[in-house]
Amino acid sequence: MSISKNGFTLIELIVVIVIIAVLAVVAAPRFLDLNSDARESMLKGAAAELQQSINFAHQRWALEGRGTESYANMPGYAEGTDSAEGSNTIDSHLDMNDVGYPLGVDKNDPMGAPFNIGKGDKACYLLWDRLLDSSLTATDNVNQAENYDFYAIRQTGKEGHYSKCVFIYTKDGYTSNPNNAKHVIWYDSRTGDVSYVLND
């Protein structure tokens, strides 16, 4: 009479464990990289949404027939709650430059500096809030930047005017210098271009 042994030998168990360990080592970086890919996709989507909003504002400016004239408090798109003529509060309508791209919401009418974005760095985060219907938040306060998704600042453009907004993502590779930050969205008010930059 023979006794049947059911089960695995020690060698078979060790081989299975080694195979599982090798698969985990190979597959884990791919799963970890999915978070990075998802973050990049989300930021590219935010940049595309900002670009689309700027394009819509530009089209609205063209419909107003202003030619090459800057326009404070443009009605009809991304309107604020303060619609008083000549208003320059943070709740005013969009302010547009002479080529029809948003400069902010707090410029004077008439504009004293129609090439500069808004009044200080706050103009960039106000543009972000006004143009985007997004859960992503922005601030111009460097001391509170990590409590928001983006730190927003103005930068000078080619002509030496403050014509660019920089939105630095604060949740991954953050530094207040846009040249060293990992994820940055740029807006150039002279061309209307928005770009997402990944600094590896």
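Reader: Buried means under 20% relative accessible area, as I take it. With that cut-off, which residues of β7 are buried on one side and which on the other?

Author: In this predicted model, H183, I185 and Y187 are buried on one side of β7, while V184, W186 and D188 are buried on the other, and both faces of the strand are therefore covered by the under 20% cut-off.

Reader: How many of the residues in β7 are buried, then?

Author: The count for β7 is 6 of 6, and the strand is accordingly described as mostly covered.

Reader: In what sense do β6 and β7 pair, and over how many bridges?

Author: β6 and β7 run antiparallel to each other and are joined over 5 bridges. Within that pairing, I168 stands opposite V184 of β7, and V184 is one of the residues named above as buried.

Reader: And how many bridges join β7 to β8?

Author: There are 6 bridges between β7 and β8, the latter covering residues 193–198, and this pairing is again antiparallel.

Reader: Switching topic to the cysteines: how many disulfides does a search of the whole structure find?

Author: The search returns 1 disulfide, and the two residues it joins are C124 and C165, with an S to S distance of 2.1 Å. The link is left-handed, at -90 degrees about the S-S bond. C124 belongs to helix α2, residues 122–131, and C165 to strand β6, so the bond ties together parts that are 41 residues apart in sequence.

Reader: OK, charges next. How many salt bridges does the count come to?

Author: The count comes to 6 salt bridges. Among them is the one between the side chains of R39 and D172, which meet at 3.2 Å, N to O. R39 lies in helix α1 and D172 in the loop between β6 (164–169) and β7 (183–188), so this pair ties together parts that are 133 residues apart in sequence.

Reader: Which residue forms a salt bridge with D172 at 3.5 Å?

Author: That is K182, with its closest N and O atoms to D172 being 3.5 Å apart. Here both K182 and D172 lie in the loop between β6 and β7, so the parts tied together are 10 residues apart in sequence. Through shared partners, salt bridges join R39, D172 and K182 into one network.

Reader: How covered are those residues? Is D172 buried or exposed?

Author: D172 is buried, with a relative accessible area of 19%, which falls under the 20% cut-off. R39 counts as partly exposed at 24% relative accessibility, and K182 counts as partly exposed at 25%.

Reader: Which residue forms a salt bridge with E69?

Author: R66 does, with the closest N and O atoms being 2.6 Å apart. E69 is partly exposed, with a relative accessible area of 38%, and R66 counts as partly exposed at 26%.

Reader: Back to sheets for a moment: what is the order of the open sheet of 3 strands?

Author: The order is β1-β2-β3, with antiparallel pairing. Its edge strands, each pairing on one side only, are β1 (71–74) and β3 (102–104), and the twist averages 40 degrees from one strand to the next. β2, residues 94–96, pairs with β3 over 2 bridges in the antiparallel sense, and M96 has P102 in β3 as its bridge partner.

Reader: Last one: which residues form the nonpolar patch on the surface?

Author: The patch consists of L10, I14, V18, V22 and V26, with about 460 Å² of accessible area together. I14 lies in helix α1, residues 10–64, and is partly exposed, with a relative accessible area of 45%.

Conventions:
Residues are numbered from 1 along each chain as its sequence is written. This is a predicted model: local features need pLDDT of at least 70, side-chain atom pairs count only at pLDDT 80 or more; totals for chains, interfaces and linings use all residues. Side-chain values use heavy atoms; hydrogens and water are left out. Patches are made of residues with over 30% relative accessible area and no salt bridge: like charges are joined within 9 Å, nonpolar side chains (Val, Leu, Ile, Met, Phe, Trp, Tyr) within 5 Å. Accessible areas come from the Shrake-Rupley method with a 1.4 Å probe; for residues, only the protein chains shown count as cover. A salt bridge is a side-chain nitrogen of Lys or Arg within 4 Å of a carboxyl oxygen of Asp or Glu. Helices (H or I, at least four residues) and strands (E, at least two) are DSSP runs, numbered from the N terminus. Buried means under 20% relative accessible area, exposed over 50%, partly exposed in between (1.4 Å probe, protein chains only). A disulfide is a pair of cysteine sulfur atoms within 2.5 Å. Two strands pair if DSSP finds at least two bridges between them. Axes are lines fitted to C-alpha atoms, for helices over the stretch in contact, and angles run from 0 to 180 degrees between N-to-C directions.
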